[in-house]
Amino acid sequence: MAIRDVLKMGDPRLLEPARPVEDFASHELTQLIVDMHDTMRALNGAGLAAPQIGVGLQVVIFEVVTNPRYPDAENVPFTVLINPLLTPLSDDLEEGWEGCLSVPGMRGLVPRHASLRYQGFDQTGQPIDRTVSGFHARVVQHEVDHLRGILYPMRIRDLRDFGFTETLFPGQNLQDD
Ligand code: NI
């Protein structure tokens, strides 16, 4: 088990586009996914992208199982998504509050596509092809943004909708991710 340090906003490595994975059988990829899993679990996050632990590869993971941060959110099965391709299914955007392990203690209101198709590969190289909406779609868009060097504050339309979690949501004891 290896819990890795998560880079924080301001680190230039979070702004670089990530490279596609080419070798799905490598020990390095297996170890990366184990470390990402352990780190996300330890920090109680809903998702994590490889660049957040300083690895510039197109690998994201996500999972929502009664996350205390999102008590009303639908469950999202643990997913490893490599070399993702997102296709929005409509122009409909929904605003929702997001946090990020790279922007600890903060929340912002972010527009995302309400529904989309995502394609890519799992950790064994098997294809993934899902059509999702709502919170699942939001999590995927947030994580895949990390592979493009985009952090959620860059997408906030009105910076008055950005602030400290404990001030925006007092008493809710929400965690980062
Ligand atoms: Ni994030």
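View 1. W97, with a relative accessibility of 30%, counts as partly exposed, a class that lies between buried (under 20% relative accessible area) and exposed (over 50%), as computed with a 1.4 Å probe on protein chains only. F169 has a relative accessibility of 19% and therefore counts as buried. The ring centres of W97 and F169 are 5.3 Å apart and their planes stand at 90 degrees, so the pair is edge-to-face. This pair links distant parts of the chain, with W97 in strand β4 and F169 in the segment after α3 (165-168), 72 residues apart. Rings of Phe, Tyr and Trp (its six-membered ring) are paired if their centres lie within 6.5 Å, and planes under 30 degrees apart count as stacked, over 60 as edge-to-face and the rest as tilted. Helices (H or I, at least four residues) and strands (E, at least two) are DSSP runs, numbered from the N terminus.

The model shown is predicted, so that local features need pLDDT of at least 70 and side-chain atom pairs count only at pLDDT 80 or more, whereas totals for chains, interfaces and linings use all residues. Residues are numbered from 1 along each chain as its sequence is written, and side-chain values use heavy atoms, with hydrogens and water left out.

**View 2. The aromatic pair of F62 and Y118.** In the whole structure, a search finds 4 aromatic pairs. Because F62 lies in strand β2 (residues 59-64) and Y118 in strand β6 (residues 115-121), the pair ties together parts that are 56 residues apart in sequence. F62 is buried at 0% relative accessibility, and Y118 is likewise buried, with a relative accessible area of 0%.

View 3. The nickel ion has as its protein donors C100 (SG), H142 (NE2) and H146 (NE2), which lie 2.1 to 2.3 Å from the ion. Donors are N, O and S atoms within 2.8 Å of the metal (3.2 Å for Na, K and Ca), and since water is not among the atoms, sites may look incomplete. Along the sequence, the donor residues follow the spacing C-x41-H-x3-H. C100 lies in the loop between β4 (93-98) and β5 (106-113) while H142 belongs to helix α2 (residues 134-146), so this pair ties together parts that are 42 residues apart in sequence. C100 is buried, with a relative accessible area of 1%, and H142 is buried as well, at 7%.

**View 4. D35 and its surroundings.** D35 is found in helix α1 and is buried, with a relative accessible area of 5%. When neighbours within four places in sequence are left aside, D35 is in contact with A2 and R4, contact being defined as heavy atoms within 4.5 Å. The side chain of D35 makes a polar contact of 2.8 Å with the side chain of R4. A polar contact is a pair of N or O atoms within 3.5 Å; within protein, one must be able to donate a hydrogen and the other to accept it, and residues adjacent in sequence count only if both atoms are side-chain atoms.

View 5. Most residues other than glycine have a negative phi. N44, although not a glycine, has a positive phi of about 60 degrees; this residue is found in the loop between α1 (27-42) and β1 (47-49) and is partly exposed, with a relative accessible area of 28%. N83, also not a glycine, has a positive phi of about 50 degrees, but N83 is placed in strand β3 (residues 76-88) and is buried, with a relative accessible area of 17%.
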